[in-house]
Amino acid sequence: MSEKKYVLFIVEGKSDRTFYGEYFNDLISKNNLDLDIKVTGGDILPKKVDDPVNLIKDAFYEELGKTKLKETDFVKIIQICDTDGSYFSEEQFVVDDRKEYYDKSYLYSPYGKPNIYVRDQASKEYLINKWKTKYQNQTILSKQESIKMDGGTNIPYRLFYVSLFLEHLLKNDPLIDPHDKRDCVEDYLEYNDIDSFIELLKSKKNSDNFGASWEIIEQKKR
């Protein structure tokens, strides 16, 4: 029987898994917590399902299947999501085939009223539908406080958002080239310790209240 307890972090991709894995391990070591972490990545929130809680259960059991751990070994599930374009209104998606997209399917425009530019109508409809689903799942899961697993274990759960995407948080620039993502993450990890990262998060928060922070970002969609 495992005596150590675990926290599962669900993040959105490989770079996120590396980034958050390192910092949360540092946080546990710094505070001498008798915990360990598991970090799994996957952009699961845009998936259409009857109940988004099942997305979390699927991610949990996928990670559990890689170990000899049990449901009861986990004391918390924390999910960290990008907001991408899920809080943009449909009017903010603009077709413009004159812009240089290169190999990107869309471009953020943060100036004035923010827009997301796409090269054609099909791309616009795809993104709107994808991020509409993500928005709906985020709305439900942001109010979820625990996940009841198939074995009967109730595991506390929280969904947090940080920014449009990880590099946006680290560089404060939504126009960063996706090809620079790895360098951006690696540079930040090399030059900033856990305390610096905590201060960064504090500087970006819009409320000290969890529920209120979601209500504030919800206003952007209206």
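Helices, of at least four residues, and strands, of at least two, are DSSP runs numbered from the N terminus. In these terms, Val162 sits in the loop that joins strand E8 (154-161) to helix H4 (166-171). The model described here is predicted.

**Overall fold**

The protein contains seven helices and eight strands. Its radius of gyration is 18 Å, close to the 17 Å given by the globule rule for 222 residues, so the protein is as compact as a globular protein of that length. Along the principal axes, the C-alpha atoms fill a box of roughly 60 × 45 × 35 Å. Of the contacts with a separation of 6 or more, 69% are between residues 24 or more positions apart.

Buried residues account for 45% of the 222 residues. The protein exposes about 12,500 Å², of which carbon and sulfur atoms supply 46%. As for charge, the mean positions of the 34 positive and 41 negative charges are 3 Å apart.

In soluble globular proteins, nonpolar side chains tend to be buried together. Here the largest nonpolar core has 33 residues, and Phe19, Tyr20, Leu170 and Phe197 have the most contacts inside it. Helix H1 (residues 14-30) gives the most to this core, contributing five residues.

**Contacts of selected residues**

| Residue | Partners in contact |
|---|---|
| Val162 | Tyr20, Ile80, Cys81, Leu169 |
| Phe197 | Phe19, Tyr20, Tyr23, Leu169, Tyr188 |
| Lys134 | Glu12, Asp43, Leu45, Pro46, Asp82, Thr83, Asp84, Ser86 |

Tyr20 is one of the residues touched by Val162, and Tyr20 is also among the partners of Phe197. Leu169 likewise touches Val162 and Phe197. The C-alpha atoms of Val162 and Lys47 are separated by 20 Å, and these two residues are 115 residues apart along the chain.

**Lys134**

Is Lys134 buried or exposed? Lys134 has 0% relative accessibility, and a residue under 20% counts as buried, so Lys134 is buried. This lysine belongs to helix H3 (residues 121-141). Its partners include the acidic residues Glu12, Asp43, Asp82 and Asp84, residue types that count as negative, whereas Lys counts as positive.

Conventions:
Residues are numbered from 1 along each chain as its sequence is written. This is a predicted model: local features need pLDDT of at least 70, side-chain atom pairs count only at pLDDT 80 or more; totals for chains, interfaces and linings use all residues. Side-chain values use heavy atoms; hydrogens and water are left out. The radius of gyration is taken over C-alpha atoms; the globule rule is 2.2 Å times the number of residues to the power 0.38. Buried means under 20% relative accessible area, exposed over 50%, partly exposed in between (1.4 Å probe, protein chains only). Contact means heavy atoms within 4.5 Å. Accessible areas come from the Shrake-Rupley method with a 1.4 Å probe; for residues, only the protein chains shown count as cover. The place of a charge is taken as NZ of Lys, CZ of Arg, CG of Asp or CD of Glu. A nonpolar core is a set of buried Ala, Val, Leu, Ile, Met, Phe, Trp, Tyr and Cys residues joined through side-chain atoms within 4.5 Å. Lists of a residue's contacts leave out its neighbours within four places in sequence.
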